Amino acid sequence: MIKDLFHKNRPTYSLEVFPPKKDADVKVIYEALDQFKALHPSFISVTYGAGGNTAENSFAIASYIQNQCGIEALTHLTCAAIPDKLFLDNFLTNLYRNGIRNLLPLRGDQPQWMSEEQFAARYYEYASDLISDVKAAYDFSIAAACYPEVHQEAADLREDIAHLKIKVNKGVDFLITQLFYDNDTFFYFLDEVRKAGIEVPVLPGLMPVTSAGQVENIVRMSGTKIPKELADRIERYRHDPAELRKAGLDYTKEQMKVLLEHGVDGIHLYSMNKVEIAKAVYE
């Protein structure tokens, strides 16, 4: 299980992939996984899919990672995707029978196909509720999400960390951060987390900027701040896609170098299913 990897006195290196929205494109992710395998990541996480409607693909991809690639698979599961306890029990049983022992429970956003009434009436309201039932069912290694720049629905960092501690106390083994581009923000967050008595490993999540449009999407969807140094590079190469991509990758490499020098528990790369990006950063 992933929780056992943190006892080897070296940082972990992990990747995140997502199921394509169209079934016809699914073979592409398997081709990518065969190449990701050559990078020997500590684990690969699989998101629950676009809007929670690709559960079968998510499960199949996680099974391929675990059983064909021989790499620990971390499967995401959102509260919004669980209609009842029976669904959860079946989902966990299928994971366990297929050798998958790692789970990242998330509250998740409201899927596009789900009405506000349906979302409000979901069986599990928060990830912390889901974690309790997962731990009661099977011995999974549990991950949880955290937000160095504060969850958008939290009043402040103090409140956000208080909610995070509730999740950790219910059985979380390690944390993965939302993507960020300012290391000082992460270091401050980590200090506050430790002061709150949260001792589990915290993996910084990084996503290289590879296009100007991507930055706009990141800011719109997650509210992540873009430091002036990175913003200047983006503006400088806005009309030169190749140079912008190189500048974005270089920034992530610099970010990672500083994080590792500070002794972080690992690096989690949001690879966007792009092998060339993962290779460039890993090498």
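A residue counts as buried when its relative accessible area is under 20%. The model is a predicted one, and that cut-off is used at several of the stops.

**Stop 1: the loop between H8 and H9**

Select Thr 224, which lies in the loop joining helix H8 (212–222) to helix H9 (228–236). Is Thr 224 buried or exposed? Its relative accessibility is 2%, so Thr 224 is buried. Now show what surrounds it, leaving out neighbours within four places in sequence: Thr 224 is in contact with Ile 218 and Val 219, and also with Glu 149, Leu 179, Phe 180 and Tyr 181.

**Stop 2: H7 and H10**

Next, select helix H7 (residues 183–195) together with helix H10 (residues 241–261). Their axes come within 11 Å and cross at roughly 30 degrees. Angles under 35 degrees count as roughly parallel, and H7 is therefore roughly parallel to H10. The crossing of these two helices, H7 and H10, is right-handed. To see where they meet, display side chains on both: Asn 183, Phe 186 and Phe 187 belong to H7, and they meet Gln 255, Val 258 and Leu 259 of H10.

**Stop 3: H1**

Move to helix H1, residues 26–36. Which residues of H1 are buried? Colour Val 26, Ile 29, Ala 32, Leu 33 and Phe 36, which are buried. Looking down the axis, these residues cover an arc of only 110 degrees, so they sit on the same side of H1.

**Stop 4: Ala 127 in H5**

Select Ala 127 in helix H5 (residues 127–137). With a relative accessible area of 7%, Ala 127 is buried. Beyond its neighbours within four places in sequence, Ala 127 is in contact with Pro 105, Leu 106 and Arg 107, as well as Cys 79 and Lys 167.

**Stop 5: the cysteines**

Finish with the cysteines. How many disulfides does the model contain? The count is zero, a disulfide being a pair of cysteine sulfur atoms within 2.5 Å. Cys 146 is accordingly in no disulfide, and the nearest cysteine sulfur, that of Cys 79, is 17 Å away. Cys 146 has a relative accessible area of 2% and is buried. Select Cys 69 as well: at 8% relative accessibility, Cys 69 is also buried.

Definitions and conventions: Residues numbered from 1 in each chain as written. Predicted model: local features only at pLDDT ≥ 70, side-chain atom pairs only at ≥ 80, totals over all residues. Heavy atoms only, no water. Buried < 20%, exposed > 50% of the residue type's maximum accessible area, 1.4 Å probe, protein only. Helix = DSSP H or I, 4+ residues; strand = E, 2+ residues; numbered from the N terminus. Arc of directions from axis to C-beta. Axes fitted to C-alpha atoms, helices over the stretch in contact; angles between N-to-C directions. Parallel < 35°, antiparallel > 145°, perpendicular 65-115°, else oblique. Left-handed = near helix turned anticlockwise from the far one by under 90°. Contact = heavy atoms within 4.5 Å.
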